[in-house]
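User: Could you walk me through the side-chain packing in this model?

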Amino acid sequence: MTFQERVKALFAKETYLKSDGALDTRKLLKRTLVLMLFIFLLYYIGFQFYQRLGWDKNAVVQRFITDFGVPGVALYVYIVDLFVLPLSVDLMWPFVMDWHPLLAIVVMGTASVAGAFSAYLFGRLVGLIPLFRRWVLRQSGTHTEQLITKYGIWAIVISGLTPLPFSTICTVAGIVELKVHLVLLSITIRYVRMALYYLIFAGMIVIG
């Protein structure tokens, strides 16, 4: 397998369910670790270029980062976790590493939770229209509905920390009508995820 094929396979949409319907935790953990290493490596390389090109001292770049600010970061994270898009909330880390840790975690975590809950509410709405319900479930893949049916809110918790499609699972959770208070509780896992990634990225900056 070539390097290009390996990278493509890294982001390929695939099921993490075994033939008996159980979650393939070994495959999921392996993919999670590989993706985390890939993201951190890209960030580390990008940060080195950022410093060597002097952008950390460039007034124009700093003005852009300042103007982008809390609303921009929050809006981006909200949209990514609301819709099924080929984007990642992790693209925002370079813009928030100069913030106070608590501010970065709260802003990104809250925006993510808001996006996920909006996806859930959208799913509840879609579930009322049989034609749309069937189309969304078909597009999300049978494994997503199986995950929700078998694991309930734990599917949301797991997807909040791993490469499982978080926004898709939250939408399907709305379609199958998981209880609101349980969904609200489960999506707060995103605060844990943001805190973990912030600590890792901060550690990489210190090392770099």
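User: Where does the charged end of K150 sit?
Analyst: The charged end of K150 lies over the ring of Y151, 5.9 Å from its centre. A charge sits over a ring if NZ of Lys or CZ of Arg is within 6 Å of the ring centre and within 35 degrees of the ring normal. The charged end of R190 likewise sits over the ring of F166, 4.2 Å from its centre.

User: How reliable are the positions?
Analyst: This is a predicted model, in which local features need pLDDT of at least 70, side-chain atom pairs count only at pLDDT 80 or more, and totals for chains, interfaces and linings use all residues. Residues are numbered from 1 along each chain as its sequence is written, and side-chain values use heavy atoms, with hydrogens and water left out.

User: How many aromatic pairs are there?
Analyst: The whole structure holds 2 aromatic pairs (Phe, Tyr or six-membered Trp rings with centres within 6.5 Å; planes under 30 degrees apart are stacked, over 60 edge-to-face, the rest tilted). The pair F117 and Y120 is stacked, because the ring centres are 5.8 Å apart and the planes are at 20°.

User: Is Y120 buried or exposed?
Analyst: Y120 is buried, because its relative accessibility is 0%; buried means under 20% relative accessible area, exposed over 50%, and partly exposed in between, with a 1.4 Å probe and protein chains only.

User: What does L178 touch?
Analyst: Not counting residues up to four places away in sequence, L178 touches Y120, R124, I148, G152, I153, I156, A173 and V183. Contact means heavy atoms within 4.5 Å.
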